Amino acid sequence: MWRWIRSWPPWLWLPVYVGSLFVIMASQKPWLAAIAAVLILAAFAEAVRIALRREPGQERPAWAVWALAGVGVFYLLCGVAALTAGWQYGIAGLFAGIVPATAVAVIVATARRGTRGDDRRPTLGLDDRSPLGSTSEHSDAEGDPVAESRARRRRAQDALRGTSTRS
């Protein structure tokens with residue numbers, strides 16, 4: 001099953017979704033909160049593992065660690081600020097940060113998955129080696145847009161002159 005999730009990381013949203021539903025229902029059945037915590041934490045751990053592990057043929061972007069750390073620091077500060085209202089709110093603030101951190105990790109993992117050369121699914125990938133805007137996907141018909149605009153204007157003016165001399 002984990003191989004299936006590694007092949008397409010957005011599948012990790014299923015346990016997050018089910019865990020979120022259990023959090024909502026936990027007010028009536030407290031044992032659902034424990035199941036929710038396990039589901040969401042397992043999805044978070046797997047997403048971070050897929051996003052940050054080293055694999056041959058896949059680049060690990062340097063900014064991925066900073067993105068995850070940024071989300072973590074933000075929600076850590078939110079949890080510390082919530083401690084002023086009580087320890088329960090501090091824990092809730094920290095736990096609330098797991099869902100957005102999972103989102104960042106899933107996005108990075110999905111982009112890394114698209115970087116592999118043998119991927120059968122069309123997707124966006126990561127490439128830090130190519131300069132920004134450099135791609136082999138441009139059409140051969142594309143040229144300089146400024147020169148093309150000037151040529152169109154010149155053709156239009158020539159057409160107007162040609163029609164005005166005929167009248």
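Student: Which residues line the second largest pocket?

Tutor: This is a predicted model, and in it the second largest pocket is lined by Val-23, Ala-26, Ala-33, Ala-37, Gln-88, Ile-91, Ala-92 and Phe-95.

Student: And which elements give two or more residues to that lining?

Tutor: Those are α3, residues 31–52, and α5, residues 87–96. Of the elements, α5 gives the most to the lining of this pocket, with four residues.

Student: What volume does the second largest pocket have?

Tutor: About 180 Å³.

Student: Which of the elements gives the most to the nonpolar patch?

Tutor: Helix α5 does, with three residues. Leu-94, for one, sits in α5. Ile-91 is in the patch, and Ile-91 is also listed in the lining of the second largest pocket.

Student: Now charges. Which residues form the positive patch?

Tutor: Arg-150, Arg-152, Arg-153 and Arg-154 form that positive surface patch.

Student: Where is Arg-154 found?

Tutor: In helix α7, which runs over residues 145–166.

Student: How many salt bridges does the structure hold?

Tutor: Two. One of them joins the side chains of Arg-49 and Glu-46, at 3.0 Å from N to O.

Student: Why can side chains like that pair up at all?

Tutor: Because side chains of opposite charge can pair when their charged atoms come close.

Student: And how many residues apart are Arg-49 and Glu-46?

Tutor: Three, which is about one turn of the helix, and both lie in α3. Helix α3 also came up with the pocket, as one of the elements giving two or more residues to the lining.

Definitions and conventions:
Residues numbered from 1 in each chain as written. Predicted model: local features only at pLDDT ≥ 70, side-chain atom pairs only at ≥ 80, totals over all residues. Heavy atoms only, no water. Patch = residues over 30% accessible without salt bridge, like charges linked within 9 Å, V, L, I, M, F, W, Y side chains within 5 Å. Areas by Shrake-Rupley, 256 points an atom, 1.4 Å probe, with all protein chains shown as cover. Salt bridge = Lys/Arg side-chain N within 4 Å of Asp/Glu carboxyl O. Lys, Arg positive; Asp, Glu negative; His and termini not counted. Charge placed at Lys NZ, Arg CZ, Asp CG, Glu CD. 1 Å grid on protein atoms, 1.4 Å probe; cavity = no way out; pocket = protein on both sides within 12 Å on 5 of 7 lines; lining within 4 Å. Points joined across faces, edges and corners; volume = space filled by probe spheres on them.
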